[in-house]
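Please keep the sequence and the structure in view while reading.

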Amino acid sequence: HFVMKPSFFLALIGVAFLCSSCGAGTAKDAPRVNSAVVPSSADAGARYGAWRSSHIGGGGYVQNVVFTSDPKILYAYVDVGGIFRSDDGGQRWRMIHGTIAGSGNGVTNVRDISVDAANPNVLLAAVGTQWSPREGVFRSNDGGKTWKRVLDAWFYGNEDFRWAGRALIRHPKNSQIVLAMSGGEGVFRSLDGGQNWKNVGLQNAYHSDLKFARDGKRVLACA
């Protein structure tokens with residue numbers, strides 16, 4: 001049988017959920033949660049007990065919400081619906097992938113994004129799909145207003161195990177060291193924050209996750 005995990009619930013609804021009172025008070029004080037959606041204003045979104053939906057205005061499965069060094073700036077990416085940004089801590093969202101100059105429809109198929117720990121406006125996006133021309137990794141230095149292709153490689157934003165793990169990771173002690181694990185073309189490494197890349201092996205492997213060890217001395221790949 002199929003068990004729906006909480007992360008899948010977030011994805012299937014297609015919205016982000018905020019909880020301002022979670023972790024505060026006691027169980028007695030906590031609002032009762034039921035399956036009914038409590039209507040509210042269009043701006044506030046629907047409520048589920050202590051949780052409030054924050055519509056992003058896109059389709060597909062929300063894969064991840066990425067926090068940055070600025071608590072007000074968040075990014076979210078969708079498997080077939082692009083990249084979104086919030087400037088108010090997740091209250092409101094706007095699309096930022098519209099200026100990615102890709103080769104086809106694959107630019108809206110997002111496999112992963114990575115934000116520079118030192119600058120919340122510098123981010124990388126690995127995009128593409130097996131049903132469109134090859135895309136790759138795009139870099140933005142202005143919070144998603146403009147993008148530049150920095151790596152030409154296959155990434156599958158709509159693959160079967162897209163929810164399982166990461167494809168873009170940064171060194172835990174040096175955010176300029178970035179690894180990208182492509183769809184069958186190997187692992188690529190950048191030493192300058194994603195501006196230039198070199199293939200460092202593991203070709204013909206189809207990954208589900210990539211991780212740095214906490215000390216940054218090892219890299220683990222699930223494939």
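Does G57 count as buried or exposed? The model is a predicted one, in which local features need pLDDT of at least 70 and side-chain atom pairs count only at pLDDT 80 or more, while totals for chains, interfaces and linings use all residues. Residues are numbered from 1 along each chain as its sequence is written, and side-chain values use heavy atoms, with hydrogens and water left out.

**Two loop residues**

At a relative accessibility of 76%, G57 counts as exposed, where exposed means over 50% relative accessible area, buried means under 20%, and partly exposed lies in between (1.4 Å probe, protein chains only). G57 is located in the loop between strand 3 (51–55) and strand 4 (62–67); strands here are DSSP runs of E with at least two residues, numbered from the N terminus. The C-alpha atom of G57 is separated by 7.8 Å from that of R94, a residue 37 positions apart from G57 along the chain.

T129 also belongs to a loop, the one between strand 9 (123–127) and strand 10 (136–140), but T129 is buried, with a relative accessible area of 4%. When residues up to four places away in sequence are not counted, T129 touches G106, N109, W154, F155 and Y156, contact meaning heavy atoms within 4.5 Å. The side chain of T129 is joined to that of Q130 by a polar contact of 3.5 Å. Such a contact is a pair of N or O atoms within 3.5 Å; within protein, one must be able to donate a hydrogen and the other to accept it, and residues adjacent in sequence count only if both atoms are side-chain atoms.

**The sheet 8-9-10-11**

An open sheet is formed by 4 strands in the order 8-9-10-11, with antiparallel pairing; two strands pair if DSSP finds at least two bridges between them. Strand 8 (110–115) and strand 11 (148–152) stand at the edges with a single partner strand each, so one side of each is left without a neighbour in the sheet. Between strand 8 and strand 9 the antiparallel pairing runs over 5 bridges, and V110 has V127 in strand 9 as its bridge partner.

**Charged pairs**

Side chains of opposite charge can pair when their charged atoms come close. Across the whole structure, a search finds 9 salt bridges, a salt bridge being a side-chain nitrogen of Lys or Arg within 4 Å of a carboxyl oxygen of Asp or Glu.

| Salt bridge | N to O distance |
|---|---|
| R85 and D87 | 2.7 Å |
| R111 and E159 | 2.9 Å |
| R166 and D112 | 2.9 Å |

The pair of R111 and E159 links distant parts of the chain, with R111 in strand 8 and E159, 48 residues apart from it, in the loop between strand 11 and strand 12 (168–171). R111 counts as buried at 1% relative accessibility, and E159 is buried as well, at 14%.

Salt bridges that share partners join R85, D87 and R94 into one network.
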